[in-house]
Amino acid sequence: PIDQNRHCVVMELVDAFPLRQIDKVGNPGKLYSDLMDMIVRLAKHGLIHGDFNEFNILIKEDGSPILIDFPQMVSTSHPNAEFYFNRDVGCIRIFFKRRFGYESALYPKFGLDSNKEFDLDVQVAASGFTKKDQMQLEKMMEGTDIQDENDDGADSVLQQTLSSDDESVISDSQDGHSDQDDGTSSEEDFDEADPDYIIEKDRLGNTIRRKVG
């Protein structure tokens, strides 16, 4: 790119044609080899194009290829990296067989020809976790597990404390020493002759007065 501003990218004019528009090349074997070499070079820098086909390859007048359109690229550390690598290779093999009648038994294989030499995938933030990212994620998850365990322990202590407090309140109420004013009174405070009220005991043994009706 020559320049960029938000959603606009200014690029140089490439004097070339998309491979899909080309019906004949002088040396299909050399072009095939150049394209496979391009896939391997990308992988050695930690990248997989992800859409490596005749629609995203331009051919210049001298027969040299230019690769375009990178939004689907992924890192070689991506969980599905081998699938995308093999798909890129397969797209070229199938196209050359159909369009130019060219087929080769030689093609790159993921793992054998894609050992990373440079971390370009990290620099351009390609999709996929790196080993460093994975280690950081695992450490974060371990910290979360420890925090959860601590939270569970705190909840257990709190529950035990609340239960103990409840038992204490009940015990105090049964002993008639509750500090809270629960509206109960002793039996002698009531006027038994009042026909509008009756005197009875609650479940804790406290004497209460309840209005009739």
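**Entry 1: strand partners**

I began at A16, whose bridge partner in β5 is K60. The model is predicted; local features need pLDDT of at least 70, side-chain atom pairs count only at pLDDT 80 or more, and totals for chains, interfaces and linings use all residues. Residues are numbered from 1 along each chain as its sequence is written, and side-chain values use heavy atoms, with hydrogens and water left out.

For my own reference, helices (H or I, at least four residues) and strands (E, at least two) are DSSP runs numbered from the N terminus. I count two strands as paired if DSSP finds at least two bridges between them.

By that rule I looked up β3 and β5, which run antiparallel and are joined by three bridges. I then took β5 (residues 57–60) with β6, and found an antiparallel pairing over three bridges. In this second pair, L58 has I66 as its bridge partner in β6, and I59 stands opposite P65.

**Entry 2: the sheet**

I put the pairs together: three strands form an open sheet with antiparallel pairing, in the order β3-β5-β6. I noted β3 (16–18) and β6 (65–67) as the edge strands, each pairing on one side only. From one strand to the next the twist averages 35°.

Next I checked what packs on the sheet. Helix α1 (residues 28–44) does, and touches β5 and β6; contact means heavy atoms within 4.5 Å. The direction of α1 makes about 30° with that of β6. Axes here are lines fitted to C-alpha atoms, for helices over the stretch in contact, and angles run from 0 to 180 degrees between N-to-C directions.

**Entry 3: the turn and the positive phi values**

How many residues lie between β5 and β6 in their hairpin? I found four, and G63 in that turn has a positive phi of about 90°.

As background, most residues other than glycine have a negative phi.

R6 has a positive phi of about 55° and is not a glycine. I located R6 in the loop between β1 (3–5) and β2 (8–10).

D69 is not a glycine either, and has a positive phi of about 65°. I placed D69 in the loop between β6 and β7 (74–75).

Are these two residues buried or exposed? R6 is exposed, at a relative accessible area of 73%, while D69 is partly exposed, at 36%. The cut-offs are under 20% for buried, over 50% for exposed and in between for partly exposed (1.4 Å probe, protein chains only).
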